[in-house]
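Hi,

Here is the structure I promised to pass on.

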Amino acid sequence: MKRTRIWLAVWMVASVAPLASADEGMWMLHQLRDLDQAKLRQMGLQLTPEQLWDPATRTGLASATPSLGGCSSSFVSPDGLVVTNHHCAFGALQINSSPEHDYITNGFLAKTMAEELPSRSSRIFVFKGYEDVTEAMRGALKPTMTPIERARASERKEKELIAACEQDGLTCRVANMFSGLRFYLFRQLELRDVRLVYAPARAIGEYGGEVDNWMWPRHTGDFSFLRGYVGKDGKPADYSPDNVPFRPDRFLKIATEPIKEGDFTMIMGYPGRTYRYRLASEIANDTGFYYPQRIKLTRDWIAILEERGATSKDVEIKLASTLKGLFNTAKNNEGMLLGLKTSDLAGRKRAEEAKLAAWIAADPTRQAKFGDAIVGLEKALAANRAMREREMVMSFLPRAGGGRDSRSSSLLSSALTLVRWAQEKTRPDLEREQGFQGRDERSIRQRLTIMQQNLDIATEKATLAYFLRQAQALPASQRIGSLDKALAATGKEGDEAIDALLNRLFTGTRLTDPAVRLGALDLDAAALAARKDPMLDLAVDFLQDIKAGEDAKRQLDGEMLVAGARYMEALTAFRGTALYPDANGTLRFTYATIQGYNPRDGVSYKPFTTLRGVLDKNTGEEPFACPPDLVLAAEKAEPGRYLDPKLGTVPVNFLSTNDITGGNSGSPIMNGRGELIGLAFDGNYESMTSDYQFEIDMSRTINVDARYMLWIMENVDGAQNLLKEMGLAAAGN
């Protein structure tokens, strides 16, 4: 049977089968019509699927929910004002901070648009719809192709579709769903001029710090405001004082009616990654190797950065964003590991796979269609795990292109970027590696410039030294050849070799100068080599190891386009219900209700926390040190319109059963009319494994209540200008 017929048959099953129960599911927008509309109305939804998103007109509430590239957000005024989490705007705070202007600690408020601060590394991606491109993507694959050939053909077709899509400021992306069973082309308008508007003090936006992170009860004011700007012609443009505020198609109104336990909630946002369909063997590997190793490396890295940050306020500010991310990752991974161990998810998955195998074997037609579904997938995954120790270390070392991969050394990352750019720019654009096409040059130049803001040589040397020691400890079959060669060339061994190599790299390189980095971007490979820069020389060799890893990933990707897709076909047919795709950074819809939970025997958590609880936690010492202005406001200011009549005070955070994960941070949580009632900012520690499994009795989203946001703005920080802009002018204004 032709594969296209199988894909269409499975898609038809997925379109008509009953969907998962309420609360669970990160649904794509075209699936909204297949949800139980009567049940949604009974729960409290007052909008139709077309009002949420109409693909025919490319309009709807979804237009008001842009991505920030790693976080979610929403427009809340006609002048491009965006609300998101405090931790999502942390980079904008950091890049504008200095020992003299410590906006991270003290917060920031622009009373006028002219006072707003540029955040040159930030982006706002406005949702412009998507379409199914499965036929085009799968049509590029031939039965005779090897796995790597399949992966390359898929990459080529993806780049062709993106090139045809990107115009007038659009940024496009092809997203792989169900392990390659379906593909969708997403369109976003990329706003490149983003400015910091307002963020409360860190003691509000991060109240409770790492002690309360992922925990309930929670009392955190995790919110901030940005604004998107465009050129006078209305098109995206780089930062300029002459730019004007972006005018979104839709923006959210702030709810004026109080919310309560049992109320309907919905979220539109951009969840990052989930693993709901992983095999038992993958989960066992995550439990026994991936998370334990990742936790160890992350915690050791944190210790290095904390020691370096204690040396000066300047270094502390430079490292703040990286440290914040690492702390969050470490606690998340620790909770994930605990949950995977105690829930025996691998065992339960193994039991389901046995039932699936028996179901396939029980019918000749199913046996012919799906007989190798599990075996083929297991074979591909086992081959990939053979290099797991090497790939773990490589994942912490710098990569070309920058971003999160550059954090262990932005200088080595810049060298890799320059070498790779010199190699790739000689090739036709559609044959270049993704991330190094003509469309990427602007962002590469920007990263090479902005990295200077957080560059600290002593920290880079200390961090690289640690990860070079990890590379030295790799088994013989998984060595990183370029690093072994560079260390051997010093004529020394162990830590002495590492020290000698780092001294040569950092004393001999000229890449510490941003003008040199940008100038080198215009050179070819021969001209780069002629510079005899030790950092560039190492990058040339190290890039070969990176490419070897990329080929290994292509091998797996090519296998997944057959084995993974066939497994998802079999699983869909076996379960007899429509499946939502695993999260992959694309816009999703999730619906739920406001509910507390019972974390353990004899303990019951209510769904709301309050301003009284904020003050009860106040010890005057971090991480529970309330700003004096907040304490004073709590004593003197009346709750007024932010009073919850049942709670008798201002609500701070609340729980809902929405199904979210990382990337959803900053997502608007809305009532049934599509009005903003708060922002999602965290999950609860007891359900850290929700990336793998949703549990209605335990999985909870932690949200900051819009009423607390507004109370802080009005009574603590005096942000009346923003309240007025959102149509919520304070009394007497």
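Let's start with β18 (residues 676-683) and β19 (residues 701-705), which pair antiparallel over 5 bridges. One of the contacts there sets G683 against T701 of β19 as its bridge partner. On terms: strands are DSSP runs of E of at least two residues, helices are runs of H or I of at least four, both numbered from the N terminus, and two strands pair if DSSP finds at least two bridges between them.

Before going further, a word on the source: this is a predicted model, where local features need pLDDT of at least 70, side-chain atom pairs count only at pLDDT 80 or more, and totals for chains, interfaces and linings use all residues. Residues are numbered from 1 along each chain as its sequence is written, and side-chain values use heavy atoms, with hydrogens and water left out.

Back to the sheet. β18 and β19 belong to an open, antiparallel sheet of 7 strands in the order β12-β11-β17-β18-β19-β16-β15. β12 (588-593) and β15 (608-610) are the edge strands, each with a single partner, so one side of each has no neighbour in the sheet. From one strand to the next the twist averages 30°. Helix α26 (residues 706-715) lies across β15, β16 (651-656), β18 and β19, at about 35° to β19. Contact here is heavy atoms within 4.5 Å; axes are lines fitted to C-alpha atoms, for helices over the stretch in contact, with angles from 0 to 180 degrees between N-to-C directions.

There's also a hairpin of β13 and β14, with 2 residues between them and G602 in the turn at a positive phi of about 85°. Its strands, β13 (residues 597-600) and β14 (residues 603-605), run antiparallel and are joined by 2 bridges, with Y597 opposite Y605 of β14.

How many disulfides are there? Counting cysteine sulfur pairs within 2.5 Å, the total is 2. One of them joins C71 to C88, S to S 2.2 Å, and is left-handed, with -80° about the S-S bond. The two cysteines are 17 residues apart: C71 sits in the loop between α3 (49-52) and β1 (74-75), and C88 in the loop between β2 (81-84) and α4 (90-95).

Cheers
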